[in-house]
Protein chains: 4
Amino acid sequence: MPGVAKVMKVLEPYKLSGRHVQRERTKVRVGPGTGCIFGGEIVPVVAGPCSVETPEQIVHIAKLLKDAGASALRGGAYKPRTNPFAFQGHGVEGLKMLAEARRVTGLPIVTEVVAVEDVPVVSEYADCLQIGTRNAQNFRLLEAVGRQPRPVLFKRGMSMTVDEYLQAADYILSAGNDQVILCERGIRTFENHTRNTYSLATITELQHRSHLPVVGDPSHGTGHAHLVPAMSKATLACGADGLILEVHHDPRHAWSDGAQSLDPQQFVDLMAQLARIAEAVGKSLAPAVSV
Amino acid sequence: MPGVAKVMKVLEPYKLSGRHVQRERTKVRVGPGTGCIFGGEIVPVVAGPCSVETPEQIVHIAKLLKDAGASALRGGAYKPRTNPFAFQGHGVEGLKMLAEARRVTGLPIVTEVVAVEDVPVVSEYADCLQIGTRNAQNFRLLEAVGRQPRPVLFKRGMSMTVDEYLQAADYILSAGNDQVILCERGIRTFENHTRNTYSLATITELQHRSHLPVVGDPSHGTGHAHLVPAMSKATLACGADGLILEVHHDPRHAWSDGAQSLDPQQFVDLMAQLARIAEAVGKSLAPAVSV
Amino acid sequence: MPGVAKVMKVLEPYKLSGRHVQRERTKVRVGPGTGCIFGGEIVPVVAGPCSVETPEQIVHIAKLLKDAGASALRGGAYKPRTNPFAFQGHGVEGLKMLAEARRVTGLPIVTEVVAVEDVPVVSEYADCLQIGTRNAQNFRLLEAVGRQPRPVLFKRGMSMTVDEYLQAADYILSAGNDQVILCERGIRTFENHTRNTYSLATITELQHRSHLPVVGDPSHGTGHAHLVPAMSKATLACGADGLILEVHHDPRHAWSDGAQSLDPQQFVDLMAQLARIAEAVGKSLAPAVSV
Amino acid sequence: MPGVAKVMKVLEPYKLSGRHVQRERTKVRVGPGTGCIFGGEIVPVVAGPCSVETPEQIVHIAKLLKDAGASALRGGAYKPRTNPFAFQGHGVEGLKMLAEARRVTGLPIVTEVVAVEDVPVVSEYADCLQIGTRNAQNFRLLEAVGRQPRPVLFKRGMSMTVDEYLQAADYILSAGNDQVILCERGIRTFENHTRNTYSLATITELQHRSHLPVVGDPSHGTGHAHLVPAMSKATLACGADGLILEVHHDPRHAWSDGAQSLDPQQFVDLMAQLARIAEAVGKSLAPAVSV
């Protein structure tokens, strides 16, 4: 047969995201001029509800979080739901609600984008674009967020190896955006007492192999609010560059993920404990912002 | 806080794809007027290389496959590669090569689509659109293939439960397309002698819970050519509605996935064995097509 | 420090059980003078209840199985139960009930041994000693069954790799007993629609790497009776050297594992189908024994 | 059929080890009169080599560990090795070497027992008997250590659920020994950058469901020394009742598990960091013992 034998040279598993490219840790700032910087000695905590539900809800929560010392507000306007008949998020209206919460509190916004066609509008409103676990190998979407100017919070796929994850990060970096925050959010295993198995050693390994900052998401990592405080402390103790937490003013009535959301008092208590852990590892929590 | 408690009613895990909706098995024909029908007593085998490499290669392989009794030709024009620096497929040029192979052999074409923006062009050239494992929860893409007229070969995500898989299928069905073929292609487990763990019981369970036809992909399910013949026979013996196999005229020089590709002689031998298994379970292999 | 650096030479992962030691497949006969031989072209089916419950029950089932064409009777006298307060088996009394069933039907007996101290008595009564999945790395027990004269049906540990499994088999072989039958019985994965994930490719791989016969246990491999017939056919189609199945005269009232047990009529129907599959792969089922 | 339908009443998954039996945490002291107590506010660190290699080695390491603040000495005299041809431990001679190290340093001894017949001798020499992951469902062995008077360090099976683990602990408790320390040591998953996936949330969950103290083993939990310090800190930060660590005076020449062993200086450095973490969660490390 006349086919041409094309030699595909053996490639390193990952290139741009590797420590061999850059020894010092990349610092990623979320929100122009803010102190919400990932990758340094001051550790930011991103918090907020799973879904943006109503304008009042998101402003209400944002104020509580800000007072408790959160560095950024998270909340979903576009929700990639397993069930097509479940609440899918408010879309652009949700982005506007988040922008209003930012105007009121000064907290920068982290929100998920689920499709290439939504990247421009999300990039317009948000301070940081999140890529969720189900899209971690949606390579076109990775390229699209790599071509816009906001930082990207890139969650690990739920069954991705470290090699695959850093190669996926390379899709973003090779498109021109090196403002990428990696995030461990739990993996699929046989364990059934948690929604996922939160693999903290992967945070340490990612910091070992990559120059990108690495944060932990113990809310998705466990799926149960009663495990979140202990796992948050463990995350900072192992040296993570930040945390992302689900907090809801009324978890029992949350439109999604209520079982894994902290209530405001739990969050306040946890922040005090996290400050002590951060100190014990030679860091500090980012101070509360004043508007 | 003034937020409205919105009652989200508890939903059945899946709706449109379930057996409770339709008792008889859905039949899905690939290629207008062909005998390549999934879901009946005559079992089609889809075969072809991982990647469309050159015009000569794909026509050459298509002829071999047709002579050996394949019912459809598979081949990748858009490749979702783990590594951003690896060969990504020929895109539209690859689709044209596939169309030429169809013109020469009469075999209908199955090929993957990886992005919403590519759906129209892939739908124009292909007889069946494949959704790969990495996009199994790329819900926007599922909706997009649900809005075009070709059947969809929808592979299970590598760490998806049966419930999640059928809910994802519901994204396609609810967008208006009920011509969906499910496909077990192996899951992520601790096992390291195979690329994935090929879970045949899931084929049987999917047939139990859903009216959609279900096929197996032992090439990806194992990742090793020496395991493919045995697993292909097992797939038909358990009652699957078809097979999809990687076959390459020269696996050692394949541009991708050579380790799991059968060579032409192995495919010819296997088809003879598969005919006997099909008969043993009261079915038959689809007969070789003549142009 | 005065310690001596002891050089531990790098060892092949497994030695005695490997194909490099012996090309032809080892044949293992269960029961003196019987036709129940694993590793040849005539495929035995071992069947019986999870637990030996009463003298009447086991004789009753044994007769049904014998009439349906089973080659050997399985049944548990010593049960390794997850819960310490659940039924643990009848012990020696159970062995005597099995012996009586053998006397009546002529079927040789396969039964589990769970402790070194029980090996002599189980070896006295049984024709084949089973090592269960929870004891697959109980190395002292492996050595003990390696020092007695009966063949051993050695089930894979539920999270064992192929390398680890063959090394564990080496514990039996190196103690002097090469009459070992390997058995795939499902592995622990994230899948939740089955009790385990039945990994058929592992049967083929084990036959590839080892000279020992390899059988499948789709009852434990799936945990659900409605999946057992399809998986039994798949097991023979992929070339396994035998099957071990749970059959109970009244599964709803079984003392253990009822959900995965076939009833007698299901077993009769399945045996007819299995005969056709065996033929399709150039083998035959072992013929029904006459007393 | 005349069989008797025996009603097996539905049992709670675990009984004696559950928090519903006892609200306050059980305290387990290792070594008569020592301050090595698990389950209180003073957290013990158990450290030592994987294998007891020579009399000089174990005394040498024990002195280093004692000076650095370890509360107990671990070391293997009976090694359950995957490969039957690898070093299996010195047996009774190893126990004597451990006893000598205890005599010299005052550190109590934790060592593994792998067989029922070895329980008396191990119980004679050791202060605490360890059950390893491969024997976590070796129920006869659990019963045997339940009938002797020393505390038991009971490691979780590598693919055991929390329910199964506490039921297995019930085998020990129901035999009469309630001095049981639970231990998370990593589970089998698809992850390949570590030897196991260290599941810290399971420590928190076990403390939630059980009154028994729970420790972590980040050496086996990760398999790589470069991950052990971060995971040790995370373990204490999440509230574990202690740590068990592999430390070797010369890891490159260890007879087993060298890749995951800390060297003495790493251990000294880590202990200083652990003291700060313990303080941050309102506890303290057990003080260094003086002979």
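**Aromatic contacts in the predicted model**

At 1% relative accessibility, Y171(D) counts as buried, where buried means under 20% relative accessible area, exposed over 50% and partly exposed in between, with a 1.4 Å probe and protein chains only. F139(D), at 7% relative accessibility, counts as buried too.

Let me state the basis. This is a predicted model, in which local features need pLDDT of at least 70 and side-chain atom pairs count only at pLDDT 80 or more, whereas totals for chains, interfaces and linings use all residues. Residues are numbered from 1 along each chain as its sequence is written, chains are lettered from A and ligands numbered from 1 in the order in which they are written, and side-chain values use heavy atoms, with hydrogens and water left out.

Over all chains, the search of the whole structure finds 12 aromatic pairs. Rings of Phe, Tyr and Trp (its six-membered ring) pair if their centres lie within 6.5 Å; planes under 30 degrees apart count as stacked, over 60 as edge-to-face and the rest as tilted.

One of these pairs is F154(C) with Y165(C): the ring centres are 5.2 Å apart and the planes lie at 55°, so the pair is tilted. F154(C) belongs to strand β8 (residues 152–155) of chain C and Y165(C) to helix α5 (residues 162–174) of chain C, 11 residues apart. Helices (H or I, at least four residues) and strands (E, at least two) are DSSP runs, numbered from the N terminus. Both F154(C) and Y165(C) are buried.

I return to F139(D) and Y171(D): their ring centres are 4.4 Å apart with planes at 20°, so this pair is stacked.
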